[in-house]
Amino acid sequence: MGIASEAPFHVLAVDDSLIDRMLIERLLKTSSFHVTAVDSGSKALKLLGLIEDEQRNEEPPSISLEAHQDIEVNLIITDYCMPEMTGYDLLRKIKESRSLKDIPVVIMSSENVPSRINRCLENGADEFFLKPVQLSDVNKLRPHLLKSKVKDEEHRKINNKTRELTEIHSPR
Amino acid sequence: MHSNSFHCSLSLSLYSSTMDRAHSRRHVASMKQSLFDQGYLDEQFIQLEELQDEANPNFVEEIVTLYYRDSSRLISNLENTLERKPLDFNKLDTIMHQFKGSSSSIGAKKVKAECTLFREYCSAGNAEGCRRSFQQMKKEYAALRKKLETYFHLARQAGPLETAFRPK
């Protein structure tokens, strides 16, 4: 019988603004999430174990090397407007990655641009928050996390069942 | 007899310090009310106060302090960019977008309004408008800083009882 893990969900927050990083961190911690905050999309990808190797000439530059994920991230919340890599670029890279595509992604923006919002949602973003983000927004995150957790639990049950059956048939 | 008078004076001093604190809290409340009435702050400031708890009793003061420290660099940047001829409106707009975002995150209502105006002048390529609204923004920014310094000082004196109530 599996014991439900009470470890808090781990959220990766991405925002180039120092003030907004401080705010999102406090919002998430108040809601009992464990938080890691970084200031760029490339730092986020590095943390997620997704390394892009542009030096490789044999492969087209769009292919990313997928390294083993050292830390577990349950949700990514990112600002839209960031220099170099926008939140949209980051969303696309995550959704194109075999290992990361199932992690829910939420986009934040100070600008209410319907076409921008639609584009993000159509490309896999689970939510779009207008800044400044409030506690009522953060409260919307849990269902997305629980949905992913159920998926993970299902996988784990299947694996455990398989292991059980294997042990029965191979006595010590 | 001795213990009676001791108890008497102890409860009197407790009473008066309780009254002092109640008075301080009323003072903080009325200052906050006036900051809202005069349009210096908006709802976001209340949101920030709601994030304070026993473990993080000074969050609002900390984030406001960080705002003033961090945004000073953006202001210098704007100042330098405003000195170039001709004006690079795109660059000005980009910097102001960042500054407006931070100002919005701490509930700085008047500062934020001035940022919006500045960005409108950028879109219109209006150099004089940009310079004027930049000067006005700096005035609001400085005025808010003074008000908040006073407010936080009063709030600290009044003690950690909830300050996060909504003004009328």
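How do strands β1 and β2 of chain A pair, and over how many bridges? They pair in the parallel sense, over 5 bridges. β1(A) covers residues 10–14, and β2(A) covers residues 34–38. Val14(A) stands opposite Val38(A) in β2(A). Between the two strands the chain passes through helix α1, residues 18–30 of chain A, and this β-α-β crossover is right-handed.

Some ground rules. This is a predicted model, where local features need pLDDT of at least 70 and side-chain atom pairs count only at pLDDT 80 or more, while totals for chains, interfaces and linings use all residues. Residues are numbered from 1 along each chain as its sequence is written, chains are lettered from A and ligands numbered from 1 in the order in which they are written, and side-chain values use heavy atoms, with hydrogens and water left out.

Now the terms used so far. Helices (H or I, at least four residues) and strands (E, at least two) are DSSP runs, numbered from the N terminus. Strands pair if DSSP finds at least two bridges between them. A crossover is right-handed if, with the strands pointing away from the viewer, the path from the first strand over the helix to the second runs clockwise.

Chain A as a whole. It has 6 helices and 7 strands. The order along the sequence is β-α-β-α-β-β-β-α-β-α-β-α-α. Chain A has 172 residues, and 40% of them count as buried. Buried means under 20% relative accessible area, exposed over 50%, partly exposed in between, with a 1.4 Å probe and protein chains only.

Next, β6 and β7. Strand β6(A), residues 105–109, and strand β7(A), residues 127–130, pair in the parallel sense over 4 bridges. Ile107(A) stands opposite Phe128(A) in β7(A). With helix α4(A), residues 114–122, the two strands make a right-handed β-α-β unit.

On to backbone geometry. The peptide bond from Lys131(A) to Pro132(A) is cis, with omega near 0 degrees. Pro132(A) sits in the loop between β7 and α5 (135–138) of chain A. Chain B has a cis bond from Lys85(B) to Pro86(B), with omega near -5 degrees. Pro86(B) is in the loop between α3 (59–83) and α4 (89–105) of chain B.

Then positive phi. Ser32(A) is not a glycine, yet its phi is about 70 degrees. Ser32(A) belongs to the loop between α1 and β2 of chain A. Glu84(A), also not a glycine, has a positive phi of about 65 degrees. Its loop runs between β5 (75–79) and α3 (87–95) of chain A. Glu84(A) is exposed, at 83% relative accessible area.

Cysteines. How many disulfides are there over all chains? The count is 0, where a disulfide is a pair of cysteine sulfur atoms within 2.5 Å. Cys120(A) is buried, at 0% relative accessibility. For Cys115(B), the closest cysteine sulfur is in Cys122(B), 11 Å away and too far for a bond. Cys115(B) is also buried, at 0%.

Last stop, chain B. Phe6(B) lies in helix α1, residues 2–37 of chain B. Phe6(B) is exposed, with a relative accessible area of 52%.
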